[in-house]
Amino acid sequence: METYKSQIGQPVSRLEGHSKVTGTAKYSGDYQVPGLLYGYVVNSTITKGKITRFDTSRAKALPGVAEVFTFENRPSLAWFDLQYADMDAPPGSPFRPLQDSDILYNGQPIGLVVAETFELARFAVTLLDIEYEQEPFETNLRGELSKARSPKVGLATMLKPLPPRPKGDFEKAFNASPNQVTAEFFHGTEHHNPLELFATTTIYEGNGKLTIYDKTQGTINSQLYVANIFGLKYKDVRVVSPYVGGAFGSALRPQYQLFLSVLAALELKKSVLVTLDRSQMFTFGHRPPTFQKTSFSADNNGIITGLNHEAISETSRFEDYTEVVVNWSNMLYPAANTLMKYKLVELDVYSPLDMRAPGGVTGMHAIESTIDELAYQSKIDPLQFRLTNYTEIDVSLNRPYSSKELRECYLQGAEKFGWKERDPEPRSMRRGNKLVGYGMATGIWEANQLPAKAEGILTADGKLKINSAVTDIGTGTLTVMTQIAADELGLPIEDVEFAYGDSKKPFAPIQGGSFTVSTVGSAIKAVGAAMRKKLFSIARKMKGNAFSDADLQDVVFEHGRLFLGNNPAQSVSFSAIIEANGNKPIRISKFSVPSVLKLKKYSRAAHSAVFVEVEVDEELGVINVTRAVTAVAAGKIINPKTGRSQILGGMVWGISKALREETIQDDTLGKYMNQNLAEYHLPVHADIHELDVIFVDEKDAIVNELGAKGIGEIGIVGMPPAITNAIFHATGKRIYQLPVHFDMLL
């Protein structure tokens, strides 16, 4: 028999790909049931104040309108006594839709019209008579920097650590250094714009039981949220989310359409679908605008002597949303003198929300731009400058990395890109009327693991089913989990089913932070180990085989059979073992918890080196990223095909962040002005050219059972600074604000 070929490491195509491209995949707004009602959300048109009049009579008089829910007729809810209503809630008091007449931010949901059709519900909103009493507000971060304060400490600090304590004497070291760079950075607001709109279909089952199809990054998180708010039993709330059309962090927290859909379904005792339109996708969560200041110094040999990084970011009045912005530089560069500060400004906005590589992509732009400027001032090639300051130790915590192949990322990326062909002098390289620039930057993202549970069922026909509540937000989770499970028992991938996206299945945390593969994958490995032990235990008791005198380590699991390693002619099939088990499927559940004692001795991170070429039209200032290479070290790559797709997606978003993406706010109105995909600029096919990905070989026996690190975030963090560094090389101009507008170069 042919030797089993490991599925891990194979470029397996998306198992759900056919369903998605043929349109048979059902998303949260695609479930039709008899008598389904449709909800359309009413949003506040002022930024701060009170509702003084809310007349719903004209809307409710329309035939086919079932109800209009407002703060005046909403039911009493259990959640008003709870501080935390979901796993991702930051310190503070979560926003409560329809709580009272107070308006806390522009676009706040203040009502829900429920009707027999979506169009009727949307039209009925125009018949509502709403009056407000407005109050003064503040939405401009730049104008309120003097009010910055330290963030409150809460549960979120476990995954979002505050800045490390100062080391050495930064001021003294900086002032004594011959090479000094101080810069101020600002980037504006960004909003998640996944292709799929937020929608929730709540199926009213009767007797207080609900089946909810929700756009979410955590089925169990949405289940906890609904049960806590409405005082329901957890077992009576089922949340299903098999397909998610992109999320990028926007669905980590339950959004208000979930609340309103459930409220309406429970009150009307009918099934209700609530879908947000594109403009309403700008009324919850965003990447916060952030002001940063850096002061870095180096000696005459290019050794970094001091690192000072300060950031001030926006949060809402009701929650302290934080990001890890200023911690990264000392994780990469071993300066003995550091000073890091991070503060928040309360504004009249909704709480910001994690967006791909939250804090990391913000902080690394400032860090890597400053490092590049310091390299130029020191008259050292930017690549060599980073190699000169290379370390295997995370000096910010004085811990070794579990693995770190960043040096190889630098070397392999530079070779593939052709970095040695670069003329170091700014404005020295041309292509016709275009200025050509080469830029590079480093990327880093933490490699975390959380607790999770998985269940494995081996059926009578020798096929394996794995159950987990985890979602797949488009990252290939279904495919890679199937590959991991297949290898545990040596099964062909077609004999493995991964069932997911259902809160009734074993516990999985929210899907984000690049920790899903390490978290759920480790639980699957735990199930696999227990399953092999159980199969072997039964096989030893069966008559007529040679397993009774063997040890587990002597056994090979391949192609649905157990083989004796020293005598492959001796084997027994999974089906025969199950028959010996009374024809009962073998069912095993395992909870995987990371070893805190082991892991706290190490820092764990994925690393990248990004190389970018830009062309800048000398007369018009138009910037084009013509090619880019990202070299990534992220431990074992489970699936290089889906993995490459993840990195490419991050690179495209990095181009978007650097050159396109920005939500414009009118601070006299306190309102975002470009709440649509026509004016919220995203890159299109014509903007994206030659992108290449290198996965550098990296072995890690510490980070988790798989030796794998997440790659959802590492693809984006280094792109924006690499682009702005390339723009400097092309033009001789440093741009400290993102996105870079062409007029900044004129």
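Ala, Val, Leu, Ile, Met, Phe, Trp, Tyr, Cys and Pro count here as nonpolar, Asp, Glu, Lys and Arg as charged, and the others, Gly among them, as polar. The model is predicted, with local features needing pLDDT of at least 70 and side-chain atom pairs counting only at pLDDT 80 or more, while totals for chains, interfaces and linings use all residues. Residues are numbered from 1 along each chain as its sequence is written, and side-chain values use heavy atoms, leaving out hydrogens and water.

Next, select residues 360-377, helix H8, together with residues 719-731, helix H17, which pack at about 35 degrees with their axes 8 Å apart (axes are lines fitted to C-alpha atoms over the stretch in contact, and angles run from 0 to 180 degrees between N-to-C directions). The contact (heavy atoms within 4.5 Å) includes Val361, Met364 and Tyr376 of H8 and Pro720, Pro721 and Phe728 of H17. The residues of this contact divide into 6 nonpolar, 5 polar and 2 charged.

Finally, select Phe186, Gly188, Thr663, Gln665 and Asp667, which lie nearest the centre of the second largest pocket among its 15 lining residues (on a 1 Å grid over the protein atoms alone, a pocket is an open set of points where a 1.4 Å probe fits, with protein on both sides within 12 Å along at least five of seven lines, and lining residues have an atom within 4 Å of a point). The lining divides into 4 nonpolar, 7 polar and 4 charged residues.

Note on methods: Helix = DSSP H or I, 4+ residues; strand = E, 2+ residues; numbered from the N terminus.
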